[in-house]
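This report covers the fold, the chain interface, the core and a few side-chain contacts. The structure comes first, and the account follows.

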Amino acid sequence: MKRRVFLKGGLATSTLAIAMGAGLIAPRVLLAAWPKDAFEAKNVQDALKNLYGGDLTEPSDKISIKVPEIAENGGQVPVTVSSTLDKVQTISIIVEKNGTPLAASFHLTDASLPTISTRIKMGQTSNVIAAVKAGDGKVYSARKEVKVTIGGCGG
Amino acid sequence: MGNSIKLRATLDGTTTEVKAIIKHSMETGLRKDSKTGELVPAHFIQEVVCELNGKPVMTAEWGGAVSANPYISFQFEGAKAGDSVTLSWKDNKDGSDSAETQIKG
């Protein structure tokens, strides 16, 4: 009886060891923790501060934002941000007048081309801001207004 | 695995373009149910990781303002036809999924 218990215990331990081993062989990509404070920030300055450690960005004409001039459906607004800045590390998309302005951040690598496309929700007519962190460590930004006919944040 | 993700990777010259659509409600937590009038709890993707042959080429953090059934596309250099591209996501309720495809030349 005791032997059985021992065996069972041994089996459980080895299963755990195998599971841990598998974890070591295929480590999950380590991501920095999801920046909760930045996503919950109620204005652009706080979002930037929590995201990049400073609320100032340098306006740049080396960032282009492709958005529709008028969005009939604020729930699905296509956005493409691209940049000719050097070694772009991060592209963040911020909607100035959304209750929580930060929509998304994309981290690129050396192999990446500095362009990203997605679709975002906009509650009302607002500037869409692209904040781009370049290889020199500075955060640059550009903005473009989208007129929203039907907001995409309420119910 | 991968049922929520439509993933395509296409090589054009030296550039690979990845396009993905993920099936997800992306609830902000601020929307009211039209029948009950109660807030629908927040349920949205927070992390997206794309790997080329097992190495990350793009990682993203999302909030509830990314549209329902998110679409994403991006590009990178240095891959060849047949290379493996995986895309995975994780949401705020510990839901997750991943999909793999081969780059088409």
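## Terms and basis

Two strands pair if DSSP finds at least two bridges between them. Helices (H or I, at least four residues) and strands (E, at least two) are DSSP runs, numbered from the N terminus.

This is a predicted model, in which local features need pLDDT of at least 70 and side-chain atom pairs count only at pLDDT 80 or more, while totals for chains, interfaces and linings use all residues. Residues are numbered from 1 along each chain as its sequence is written, chains are lettered from A and ligands numbered from 1 in the order in which they are written, and side-chain values use heavy atoms, with hydrogens and water left out.

## The hairpin of chain B

E1(B) and E2(B) form a hairpin with 2 residues between them. Gly13(B), in the turn, has a positive phi of about 70°. The two strands, E1 (residues 5-12) and E2 (residues 15-22) of chain B, run antiparallel and are joined by 8 bridges. Asp12(B) stands opposite Thr15(B) of E2(B).

E1(B) has two faces: Ile5(B), Leu7(B), Ala9(B) and Leu11(B) lie on the covered one, and Lys6(B), Arg8(B), Thr10(B) and Asp12(B) on the uncovered one.

## Chain A

Chain A holds 3 helices and 9 strands, in the order α-α-α-β-β-β-β-β-β-β-β-β along the sequence. Of its 155 residues, 37% are buried, where buried means under 20% relative accessible area, exposed over 50%, and partly exposed in between (1.4 Å probe, protein chains only).

Contact means heavy atoms within 4.5 Å. Among the contacts in chain A between residues at least 6 apart in sequence, 63% join residues at least 24 apart.

## The interface

In the interface, 30 residues of chain A are in contact with 30 residues of chain B. About 2700 Å² is buried between the two chains, with carbon and sulfur atoms giving 54% of this area. Buried area is the accessible area (1.4 Å probe) that two parts lose on being put together, summed over both.

The rule finds 19 residue pairs in polar contact across this interface (both at pLDDT 80 or more). Strands E6 (102-108) and E7 (112-120) of chain A each supply at least two residues of the side that touches chain B. E7(A) gives the largest share of that side, 8 residues. A polar contact is a pair of N or O atoms within 3.5 Å; within protein, one must be able to donate a hydrogen and the other to accept it, and residues adjacent in sequence count only if both atoms are side-chain atoms.

## Two serines in chain A

Ser117(A) lies in strand E7 of chain A. Its side chain makes a polar contact of 2.8 Å with that of Thr80(A). Leaving aside neighbours within four places in sequence, Ser117(A) is in contact with Val79(A) and Thr80(A), and with Tyr71(B), Ile72(B) and Ser73(B). Ser117(A) counts as buried because its relative accessibility is 13%.

Ser141(A) lies in strand E9 (residues 139-150) of chain A. A polar contact of 2.8 Å joins its side chain to that of Thr57(A). Residues touched by Ser141(A), not counting those up to four places away in sequence, include Glu58(A), Pro59(A), Ile63(A) and Ala130(A). With 6% relative accessibility, Ser141(A) is buried.

## The nonpolar core

A nonpolar core is a set of buried Ala, Val, Leu, Ile, Met, Phe, Trp, Tyr and Cys residues joined through side-chain atoms within 4.5 Å. The largest one has 67 residues. Phe106(A), Ile120(A), Met58(B), Trp62(B), Phe74(B), Val85(B) and Leu87(B) touch the most other members.

Ile120(A) touches residues of both chains, among them Val77(A), Ile93(A), Val128(A), Ala65(B) and Val66(B), not counting residues up to four places away in sequence. In soluble globular proteins, nonpolar side chains tend to be buried together.

## Salt bridges

Over all chains the count comes to 5 salt bridges, each a side-chain nitrogen of Lys or Arg within 4 Å of a carboxyl oxygen of Asp or Glu. Across the interface of chain A and chain B there are 0.

Glu40(A) forms one with Lys36(A), with the closest N and O atoms 3.3 Å apart. Both lie in helix H2 (residues 36-40) of chain A, 4 residues apart, about one turn of the helix. Glu40(A) is partly exposed at 41% relative accessible area, and Lys36(A) is partly exposed at 46%. In chain B, Glu27(B) and Arg31(B) meet in a salt bridge of 2.8 Å, N to O. Glu27(B) is buried, at 12%, whereas Arg31(B) is partly exposed, at 31%.
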